[in-house]
Amino acid sequence: MKDRRKLCLALAMILAANVFVIGLAQEAAAASYRLGSRGDGVVSLQEALIERGFYTGEADGVFGEATEQAVIDFQEYSGLEADGKAGPATLSALGIADESAQAGSDAELALLARLISAEARGEPYIGQVAVGAVVLNRMKHPSFPNTMAGVIYQPGAFSCLYDGQFNEPVADSAYQAARDAMNGWDPSGGAIYYFNPATATSEWIWSRPAIITIGNHRFCA
């Protein structure tokens, strides 16, 4: 009985330690920079604070107490939670891109470019941008998933995922088309569907209200 009690106590201590470590990890992940952080990211943070008059020290890449106080002062001035941690909201207010968000943005750009290349290879450039815009329009539409991957990988949404085109090398123009679409250019006029009238076999797609035809694709509401 005593051994069993000791075992239960040991397991409880291990569980508590794990919970504590996980909590610290989650807290660290939530804050991009905090007291004790070092590196180029902290330099950028300090430079932005210096530019706005909240930090008078050297941009040395060390997040010390003076940097922490400068962050707090900026957060109070900007109406943010004044916790002294430079997380995504604070970095955004300072005009500094969040690295994790940038990584996500780069991944979405690559995914959208692959879809554009597979679906609109050989189409005029404006038509490639329009295909990218359709994906982004779907992300905002209540009838579709609200993520890039969700829209692109939605079952039956794009034929290129089933005919091998999606795995072909990505055309250089598709990357620029993806950038233009993600920056807000929408030659489709807000379309959420498109099809090639010369090859379409679905009666339903022909029922969609046409908005514009670009190259071989008809874009529809």
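Guide: Keep in mind that this is a predicted model. A place to begin is the bridge partner of T213 in strand 3, which is R218.

Visitor: How many bridges join strand 2 to strand 3, and which way do the two strands run?

Guide: T213 and R218 are bridge partners. Strand 2 and strand 3 are joined by four bridges, and they run antiparallel.

Visitor: Which residue in the turn between strand 2 and strand 3 has a positive phi?

Guide: Strand 2 and strand 3 form a hairpin, with two residues between them. In that turn, a positive phi of about 60° belongs to G215.

Visitor: In what order do the three strands of the open sheet lie?

Guide: Strand 3 is joined to strand 2 by four bridges. Strand 3 is also joined to strand 1 by three bridges, again antiparallel. The order in the open sheet is 1-3-2.

Visitor: Which are the edge strands, and what is the average twist?

Guide: Strand 1 (193–195) and strand 2 (210–214) each pair on one side only, and they are the edge strands. From one strand to the next, the twist averages 25°.

Visitor: Which residue of strand 3 stands opposite Y194?

Guide: Strand 3 covers residues 217–220 and is joined to strand 1. The residue of strand 3 opposite Y194 is F219.

Visitor: Which helix packs on the sheet, and what angle does its direction make with that of strand 3?

Guide: The helix touches strand 1, strand 2 and strand 3. This is helix 6, and the angle with the direction of strand 3 is about 30°.

Visitor: Is Q128 buried or exposed?

Guide: Q128 lies in helix 6, residues 125–140. Residues count as buried under 20% relative accessible area. Q128 has 7%, so the word for Q128 is buried.

Visitor: What separates the C-alpha atoms of Q128 and Q176?

Guide: Leaving out residues up to four places away in sequence, Q128 touches several residues, among them S173, A174 and A177. Q176 is 48 residues from Q128 along the chain, and their C-alpha atoms are separated by 9.4 Å.

Visitor: Where is P209, and what is its relative accessibility?

Guide: P209 is in the loop between helix 9 (203–206) and strand 2. Apart from neighbours within four places in sequence, P209 is in contact with F219, C220 and A221. P209 counts as partly exposed because its relative accessibility is 48%.

Visitor: How many disulfides does a search of the whole structure find?

Guide: C160 counts as buried, at 1% relative accessibility. C220 also counts as buried, at 0%. A disulfide needs a pair of cysteine sulfur atoms within 2.5 Å. The number of disulfides found in the whole structure is zero.

Visitor: Which residues of helix 3 make the contact with helix 2?

Guide: Helix 2 passes helix 3 in a left-handed crossing. On helix 2 the contact is made by L45, Q46 and L49. On helix 3 it is made by T67, A70, V71 and F74.

Terms used: Residues are numbered from 1 along each chain as its sequence is written. This is a predicted model: local features need pLDDT of at least 70, side-chain atom pairs count only at pLDDT 80 or more; totals for chains, interfaces and linings use all residues. Side-chain values use heavy atoms; hydrogens and water are left out. Buried means under 20% relative accessible area, exposed over 50%, partly exposed in between (1.4 Å probe, protein chains only). Contact means heavy atoms within 4.5 Å. Two strands pair if DSSP finds at least two bridges between them. Axes are lines fitted to C-alpha atoms, for helices over the stretch in contact, and angles run from 0 to 180 degrees between N-to-C directions. A crossing is left-handed if the near helix is turned anticlockwise from the far one by less than a right angle, and right-handed if clockwise.
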